[in-house]
Amino acid sequence: MAKAKIRVVLDTSILVSALKSKNPRGSPAWRILKALVAGEIENYLSREIYEEMEQTLMEIAEGTRREVLALQMLTLVKKKSVFVRPRRQFSSDPEFLKKLRDPNDAKFFDVAYAKKVEYLISENTRHIVQMRDETTKTYRFDGRKVKILRAGEFMREVLR
């Protein structure tokens, strides 16, 4: 029987980390992208998430040697991910937004909630990672929970 794919939402910060990495072999973000290519993980994203990824990576890479790499990464993510249109919008929940501190990051939770993913992977410690309970590394919302891990934690705890 085939092993079930690990269901995740990748935050833009994972792609930024991979793009800026000086040592791709040792980079947890690159290992996560390799897992996406290999089918070990299944990434979910919305149009809004993809647009943020595209804008952010192209702003960083524009006019540098990394521009082609950024385009390749975006193509990979687009091809290997499942696009969704979440109905539940946490951006309209004032209590949630107060804790998150950045309304633009609510879209990652919208998709995590809609697809009941196991993990939200992020390097955004100021907004996304700080939402988790530090003991369990999970965030609970409306009867569901998602484990929020940084790239290195995901590698150590899940991909090994």
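The legends below describe views of a predicted model of one protein chain.

**View 1. The whole chain.**
The protein chain contains seven helices and six strands. Read from the N terminus on, these elements follow the order β-α-α-β-α-α-β-α-α-β-β-β-α. The C-alpha trace spans about 45 × 40 × 30 Å along its principal axes. A compact globule of 160 residues would have a radius of gyration near 15 Å, and the protein chain agrees with this because its own value is 15 Å.

**View 2. Surface and interior of the chain.**
Of the 160 residues in the protein chain, 48% are buried. The accessible surface comes to about 9200 Å², and carbon and sulfur atoms hold 48% of that surface. Among contacts with a separation of 6 or more, 71% are between residues 24 or more positions apart.

**View 3. The sheet.**
Six strands make up an open sheet with mixed pairing. Across the sheet, the strands stand in the order β3-β2-β1-β4-β6-β5. The edge strands are β3, residues 81-83, and β5, residues 138-141; each of them pairs on one side only. From one strand to the next, the twist averages 35 degrees.

Strand β2 covers residues 41-45 and pairs with β3 in the parallel sense, over three bridges. Which residue of β3 is the bridge partner of N43? The partner is S81. Helix α3, residues 47-61, packs on the sheet and touches β1 (6-10), β2 and β3. The direction of helix α3 makes about 95 degrees with that of β2. Helix α4, residues 67-80, also packs on the sheet, where it touches β2 and β3. The direction of helix α4 makes about 65 degrees with that of β3.

E153 is part of helix α7, which covers residues 151-159. Is E153 buried or exposed? E153 has a relative accessible area of 11%, and a residue counts as buried under 20%, so E153 is buried. Apart from neighbours within four places in sequence, the residues in contact with E153 are R132, K137, I148 and V158.

Definitions and conventions: Residues numbered from 1 in each chain as written. Predicted model: local features only at pLDDT ≥ 70, side-chain atom pairs only at ≥ 80, totals over all residues. Heavy atoms only, no water. Pairing = 2+ DSSP bridges. Helix = DSSP H or I, 4+ residues; strand = E, 2+ residues; numbered from the N terminus. Axes fitted to C-alpha atoms, helices over the stretch in contact; angles between N-to-C directions. Contact = heavy atoms within 4.5 Å. Buried < 20%, exposed > 50% of the residue type's maximum accessible area, 1.4 Å probe, protein only. Rg over C-alpha atoms; globule rule 2.2 N^0.38 Å. Areas by Shrake-Rupley, 256 points an atom, 1.4 Å probe, with all protein chains shown as cover.
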